[in-house]
Amino acid sequence: GRGMLGKSLALYAAAFIIVAVLARAAIVAIGLPDWVFPGALIVMALGLPVILFTGYVHHVARQTATATPTVTPRGSVVPSVASGPMATLAVKASPHVSWRRTWLGGALAVGAFVAVIGGFMLLRALGIGPAGSLLAAGKLEARDRLVVTDFRVRGSDSALGAVVSEAVRAQLGQSDVVSILSPATIAGTLRRMDRPAATRVDLTLAREIAQRDGAKAVVDGEVTPLGTGYVLTLRLVTADSGAELASYHETADGPRDLLPTLDKLARRLRGRMGESLRSVQSGPPLEQVTTPSLEALKEYAEGVRINDVEGDFAGAIRPLEEAVRIDTAFAAAWRKLGIVYFNALMPRDRQDSAFARAYRFRERLTDVDRLRAIADFANGPGRDRGRAISAEEDLVRRFPDAAGAYNNLALDLASRRELARAESLFRRDIVLDSSSTLAPVNLIRTLADQGKTDEAVAALAVERRRFGLTAGNEILDGPLFYALGQPDSAAAVYRRARTSRAPRNRAIAARSLAALALRKGRLSEGVSLLGEAHNEDLARGAPISPIEDSVTVSLIDAWFETQPARAVQRLDALLARVPLGTLPVDDRDYFRIASVYAIAGRADRARAVLAEFDAEVKDTTLRRWFEPARHVALAEIALAERRPRDAIDEFRHGDRRPDGPVEGCPICVYVALGRAFDQARMPDSAIASLERYVATPSWNRFTLPVDGLYLAGVYKRLGELYDEQGDRAKAASYLAKFVELWKDADPELQPKVRDARARLVRLGDLER
């Protein structure tokens, strides 16, 4: 009929749009291959000439059927319609061409294309042929680990190889099918192989590393300059035989096209390995999760290498700062810079600033790094441990092979005193990454915190068999000997460590020996050793607090009741010389200073320091974070003012955060409560708290100067309390421990030793 061509073209246009939209939607929603969309457009485009031909056939046929022929004078017939090959063809085809057949043919063509797609997806799922995934074919398994080599660069900038490797590692790191060994893990494996950590990892070496670390395959590649562009090659080979599992290559038109081309190659490899095509296609582009600037990416790759491979934390700062200068929204570089600042012991405000920028641009990170950035921010400027743990739990749930994730979660849980769970997570991290030294050391500490000293000693032996004697484990014997009740052996470890080649260990050894000296009442020796530790920190360029040492020495004077007036004078002079408001907020130590003033008997000065905090710190996040420490200072003020029941409440508040116990010293609260109960004339509660201090295992008992301050006094007061209750045996036991501990104490402390000896003599006489 007339008008059918126009109607058909309108229907065709509508169908074309519908098919194109459905194809694009199916790629995104279902995860069909990328070629489905252009394939659908080609199939639909082929329908247009068929429709036009059908319209032409019907037009010619209609004209032929309705025309009146004319006869020439000689009697021949002349057609009244146009003639020619096409018209003749149309007339001959007209019995076989209809609109119904045209639409049916179009439907069959679309159906055949859908069948091709279905066949491809079926073969992919079954692992058959070129379309089959390596996962379905059994050549890879879910969560297999891969090693990325240092890509070769032929006749061009050698630094480009590190950039390409880092970019490929970032894109493949988004996969939920495989996990990528980090540069730090590879460096640790190289050290165990007695090779320099900075050794270039070519294909041969990568296969050896993969076999040692249980990785299944190696991702290798090369960059070949071609005119103003590059030819990029990416291939996947097995670790054992070196058989090639997949290989792709593309041409990048120039430096600007390098990252998009790498992104395309890595996505194709992810799809070939067996990852959901939907996941592959929906992931953010490489330029988004890294940076569109090749120069910034070069600096970032250099910073990662210096920090993760060479372990030169201070040296990694410059290239990372340059990376974020070039691209101020480079989230991955900001996050790494925050980590490097932390590793290099830079001031916390610099760490927090970097983590805050990474959090601000977190949408430019992979899913793994986005969760890490949330946790970093929560532990940093966000001051929200509960949120950090939530993000870390989400990370290990979604990415169970993420390097270091279990270690970080375990550390936060341990700070909340969930020690059994932390232990299991540290063990999981060790299994996952056998080259890391972080989790083994943290496991040793957690075992000691649970009183599992024999297991801790065994874990240290395993650590040293795997890594040898390193700067990280050479002084771990000290706290372990102390936990085993062998303080003299611990002291011997630290005396040897005073000559360590690691400057940081020399400083730690000096502080540890100071804690042991204080424990025995040798205050002058302890203060002298603290000065030596300060000098070691100065010599190695570590950040030095301008007030910490003065506050610590003042605490010693006040706590042992030897020079409380001198403690007050020293603090007054310190605050006149260094106004707290001029320091970074984390270095101001308001509450420790207030506590020392209160212990020295100056509650008025302590309240003045708290008032200064209230006037200068208005940020609600900071105030919430410092609230437990503020409660502890208020408790010390309450004790100084003889309000012990108020002190009990404040000490309990000082040991809690919204998500659980306060991090730091888990046993200090027992001494604090024991003192408050004692002043409140509640001897049973005082004894219970002080006994709990003595009996509770804690790594911090030694690594912080906890026993150095508290242990002797706890022994003495427990002896006195048991004596007052008539339990002469326990009284004598604790007093004897006190006398033995302080037998060589400084002269100004000897009157307390003589009093304890006299009480012991009296108890002995009563017993006889």
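Trainee: A helix here is a DSSP run of H or I with at least four residues, a strand a run of E with at least two, numbered from the N terminus. How many helices and strands are in the protein chain?

Mentor: The protein chain has 36 helices and 10 strands. This is a predicted model, where local features need pLDDT of at least 70 and side-chain atom pairs pLDDT 80 or more, while totals for chains, interfaces and linings use all residues. Residues are numbered from 1 along each chain as its sequence is written, and side-chain values use heavy atoms, without hydrogens or water.

Trainee: What does the C-alpha trace span along its principal axes?

Mentor: About 160 × 55 × 50 Å for the protein chain. Of its 768 residues, 48% are buried (under 20% relative accessible area; exposed is over 50%, partly exposed in between; 1.4 Å probe, protein chains only).

Trainee: Switching to loops. Where does Asp 589 lie?

Mentor: Asp 589 lies in the loop between helix 26 (564-577) and helix 27 (590-599). Its phi is near 55°, a positive value in a residue other than glycine.

Trainee: And is Asp 589 buried or partly exposed?

Mentor: Partly exposed, with a relative accessible area of 27%.

Trainee: Which loop holds Arg 642, and what is its phi?

Mentor: Arg 642 is in the loop between helix 29 (620-640) and helix 30 (644-653). Its phi is positive, about 60°, although Arg 642 is not a glycine. Most residues other than glycine have a negative phi. Arg 642 is exposed, at 61% relative accessible area.

Trainee: New topic. How many disulfides does a search of the whole structure find?

Mentor: It finds 1, a disulfide being a pair of cysteine sulfur atoms within 2.5 Å. The partners are Cys 665 and Cys 668, with their sulfur atoms 2.0 Å apart. The link is right-handed, with 90° about the S-S bond.

Trainee: Is Cys 665 buried or exposed?

Mentor: Cys 665 counts as buried because its relative accessible area is 16%.

Trainee: Last one, Ala 354. Which helix is it found in?

Mentor: Helix 14, residues 348-360. Ala 354 is buried, with a relative accessible area of 1%.

Trainee: What is Ala 354 in contact with, leaving aside neighbours within four places in sequence?

Mentor: Trp 334, Leu 337, Gly 338 and Tyr 341, where contact means heavy atoms within 4.5 Å. From Ala 354 to Val 324 is 9.8 Å, C-alpha to C-alpha, and the two are 30 residues apart in sequence.
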